[in-house]
Amino acid sequence: MTTLAAEAGSGGGAPAPRPPVALAVPRSLDEALALLAQDGAAVLGGGVGHTLARHHRAPDRPSTLVPVAGLPALAGVRTGPDGRITVGAATPLDDCAKAAAIARVWPVFTEACGSVATGRIRRLVTLGGNIAAHDDAHDPPVALTALGADLTVRAARGGSRTLSVPEALRPAADGGLRPGELLVAVTLPTRPRGAATGSAYRKYLVRGVWEYACVHVAAVVGLDGEGRATRLSLAVGSVEGGPVAVPLDGLLGGRFDADLVEEAARAAASGTRPYDDVKGSAAYKTRMIGEFSRRALTEAAHRARGTGHHAGGDR
Amino acid sequence: MSVPLRFRLNHEDVEVHVQDPGAPLLDVLRHDLGLTGTKSGCEIGYCGACTVVVDGRAVPSCLQMAGLVEGRDVQTVEGLGGPEGLDPVQRAFVDKAGFQCGFCTPGHIMALRALLDEDPAPDEERLRETVDGNYCRCTGYVKILDSARAAVASGAANPDPGGAGAREEER
């Protein structure tokens, strides 16, 4: 372990606007978990969230950050013997967006990762950090909620557990990520055999580029040979308690047509609570959630049927 | 009260004592090292004025935590060129008048330097993608793109054997 920390108690001169942090750099996953088990320690991914947070005077900040982005155990995209793709939590979003293996199976995740900020920022941001930031405006967690991805979480004490994104983002007391725990990997499901499956991510940017979404929606659609819906997953971000998975089980088995899409879009609009901000009023966003749910579901179904790519048009 | 931070900066090993390893690299470059060629613009990673090259990749130094560059290779605009003259990317900006006020220029130059170190013959789309990462509020980008094309045409692949070009050869 390398420690980068100012000596305690030797302070002098003008007070810094924020207290300095210490970085305790682990050489292995086990060492990282041991460091994280200590009081006041917190995970550091790509560091973007922490660096941005310096603009805010957030009161209680951990004193020791444990950078995990350099750990080989958390790196890279691999396909397991069961065909499931596992993405290491330290994988930069840019690598997630460029992984051909992911794009082939789950374009919804590719599109969500690729829609974040700019290429230069995507190279700094890690997938695990993006999820663990607990920010409902982040894109990848919305896609992972629709997919039903598994998050593997480890701790020095208590071993390993598997959580969905909504579970991980709950308060620690309700089973969410706890202090001392480290998100190590994200595992995507396989596409079911016997059903045509498609997925799509739609993000509405008010200015068109480089900002957090006004509304963002991820959809996964499964269709049987008769064109009936065997899977309908829709997740919405930038809403209270988001990402929110919209329950659509009542529509399963129905023919996937414009009426079904309309009903699903209504369920998304009525089942989520967006908030007023500079990107739009809550009432406006509710209408846009309906619209972008339509677009995401329609595109996912096009992909399931193999009827071509219908990109863009998100303005 | 400070912390030693060691990294490679413009082809030399440096050790700088920083107050807070959680500070952005931008602040360490400008305030602790006095390297003010790297400009501070939006400080949220979008404008590109603070772009430097870390391990061969263009990064916004306002979002790059200083403590995380320990042991890594950092290049700023001060590391380009030398007694023999300007770096070919800088030369191209001068020849094509690719700037007006000049505030965004170091960021543009470092972003293009990183691109050309990785790909000596980028196509138009890659040039545009790269330039897209840097705000310029004076020009209409026409002369910036002209400069970028001129840099490619002049064979601006890194002339510096100790820099990122050496890493290119190792691949």
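A:Tyr204, A:Tyr284 and A:Phe292 form one aromatic cluster. The model is predicted: local features need pLDDT of at least 70, side-chain atom pairs count only at pLDDT 80 or more, and totals for chains, interfaces and linings use all residues. Residues are numbered from 1 along each chain as its sequence is written, chains are lettered from A and ligands numbered from 1 in the order in which they are written, and side-chain values use heavy atoms, without hydrogens and water.

**Aromatic pairs and charges over rings**

Two aromatic pairs turn up over all chains in a search of the whole structure. Rings of Phe, Tyr and Trp (its six-membered ring) pair if their centres lie within 6.5 Å; planes under 30 degrees apart count as stacked, over 60 as edge-to-face and the rest as tilted. A:Tyr204 and A:Phe292 are stacked, because their ring centres are 5.0 Å apart and their planes stand at 15°. This pair links distant parts of the chain, 88 residues apart: A:Tyr204 is in strand E10 (residues 196–204) of chain A and A:Phe292 in helix H11 (residues 282–305) of chain A. Helices (H or I, at least four residues) and strands (E, at least two) are DSSP runs, numbered from the N terminus.

Both A:Tyr204 and A:Phe292 are buried. Buried means under 20% relative accessible area, exposed over 50%, and partly exposed in between (1.4 Å probe, protein chains only).

The criterion is NZ of Lys or CZ of Arg within 6 Å of the ring centre and within 35 degrees of the ring normal.

| Charged residue | Ring | Distance from ring centre |
|---|---|---|
| A:Arg295 | A:Phe292 | 4.5 Å |
| B:Arg137 | B:Tyr135 | 4.6 Å |

**Chain A: cores and fold**

Chain A has eleven helices and 13 strands. Of its 315 residues, 50% are buried. Among contacts (heavy atoms within 4.5 Å) in chain A between residues at least 6 apart in sequence, 61% join residues at least 24 apart.

A nonpolar core is a set of buried Ala, Val, Leu, Ile, Met, Phe, Trp, Tyr and Cys residues joined through side-chain atoms within 4.5 Å. The largest one has 79 residues. A:Phe109, A:Leu127, A:Leu144 and A:Leu188 have the most contacts inside it. Beyond four places in sequence, the residues that A:Leu127 touches include A:Val87, A:Phe109, A:Pro140 and A:Val186. Another core, of 30 residues, lies apart from it; among its members are A:Tyr204, A:Val236, A:Ala264 and A:Met288.

A:Glu226 is in the loop between strand E11 (215–223) and strand E12 (229–236) of chain A. It counts as exposed, at 53% relative accessibility. A:Glu226 and A:Phe256 are 30 residues apart in sequence and 9.5 Å apart C-alpha to C-alpha.

Chain B is divided into domain 1 (3–79) and domain 2 (88–153). These bounds come from an automatic or database domain assignment. The domain centres, taken over C-alpha atoms, are 21 Å apart. Domain 1 of chain B gives 17 residues to the contact and domain 2 of chain B gives ten residues. Together they bury about 1100 Å², 66% of it on carbon and sulfur atoms. Buried area is the accessible area (1.4 Å probe) that two parts lose on being put together, summed over both.

B:Glu78 lies in the loop between strand E5 (73–75) and helix H2 (88–95) of chain B. B:Glu78 is partly exposed, with a relative accessible area of 33%. Beyond four places in sequence, B:Glu78 contacts B:Asn10, B:Leu35, B:Thr36, B:Gly37 and B:Thr38. The C-alpha atoms of B:Glu78 and B:Asn10 are separated by 7.4 Å, although the residues are 68 apart along the chain.
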